[in-house]
Amino acid sequence: ASDAFAIGSLLGLNFLQEYFSREEANQATKICFFFMLFFALVSQLHLIYAPSSHDTTHSAFLTLLTLSPRLLIASMSVFFIVQQVDIRFFSFLKKNLPSVSFAGRTAIALVFSQFLDTFLFSFAGLYGVVISIIDIITMSFLIKMIVIFCFTSCVRWVKT
């Protein structure tokens, strides 16, 4: 699910750049980063609370959130890096390939940035945690390519 969110957020940044400015996209990145940091803090606060004797879900939260500091730091770092790369790369494409449609520029930028995102996050967040990092990278990138294809197919109808 986070793959679709990452692609959607980058698509949103590309729309901001296309219709407004690069500065607006940078501002949106800062806002997203703040909310990711807020989530990181609140999720760790959740683990501090002592569960009720009737709570049957606390162990699930422990399983999900125990690795979360590492995953959230990796995710936030990679998120910030990839969004900055995507903003600059999309701006480069817009300037140097004005004849290519918005959907085409978006697809090119998303494929590049999502490969970078998949590679960096897999090593920063999952290395040593999963059995096969290559399998994770391959499947995650394949899912992202399917989502990008679906998104960019719809983007063609947004801007004429």
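Visitor: Why is glutamate 24 called partly exposed?

Guide: In this predicted model, glutamate 24 has a relative accessible area of 42%. Buried means under 20% and exposed means over 50%, so 42% makes glutamate 24 partly exposed. Glutamate 24 lies in helix H2.

Visitor: Which residues meet where H2 touches H3?

Guide: From H2 come Ser43, Gln44, His46 and Leu47, and from H3 come His58, Phe61, Leu62 and Leu65. Sorted by kind, these residues give 4 nonpolar, 4 polar and no charged.

Visitor: How do you know that phenylalanine 102 is buried?

Guide: Its relative accessible area is 6%. Buried means under 20%, so phenylalanine 102 is buried.

Visitor: Why is the pair of phenylalanine 115 and phenylalanine 119 called stacked?

Guide: The ring centres are 6.3 Å apart and the planes meet at 20 degrees. Rings pair if their centres lie within 6.5 Å, and planes under 30 degrees apart count as stacked, so the pair of phenylalanine 115 and phenylalanine 119 is stacked. Both residues lie in helix H5, 4 residues apart, about one turn of the helix. Ring pairs also link Phe115 and Phe119 into a cluster with Phe123, Tyr127 and Phe141.

Conventions
Residues numbered from 1 in each chain as written. Predicted model: local features only at pLDDT ≥ 70, side-chain atom pairs only at ≥ 80, totals over all residues. Heavy atoms only, no water. Contact = heavy atoms within 4.5 Å. Helix = DSSP H or I, 4+ residues; strand = E, 2+ residues; numbered from the N terminus. Nonpolar A, V, L, I, M, F, W, Y, C, P; charged D, E, K, R; others polar. Buried < 20%, exposed > 50% of the residue type's maximum accessible area, 1.4 Å probe, protein only. Phe/Tyr/Trp six-rings, centres within 6.5 Å; stacked < 30°, edge-to-face > 60°.
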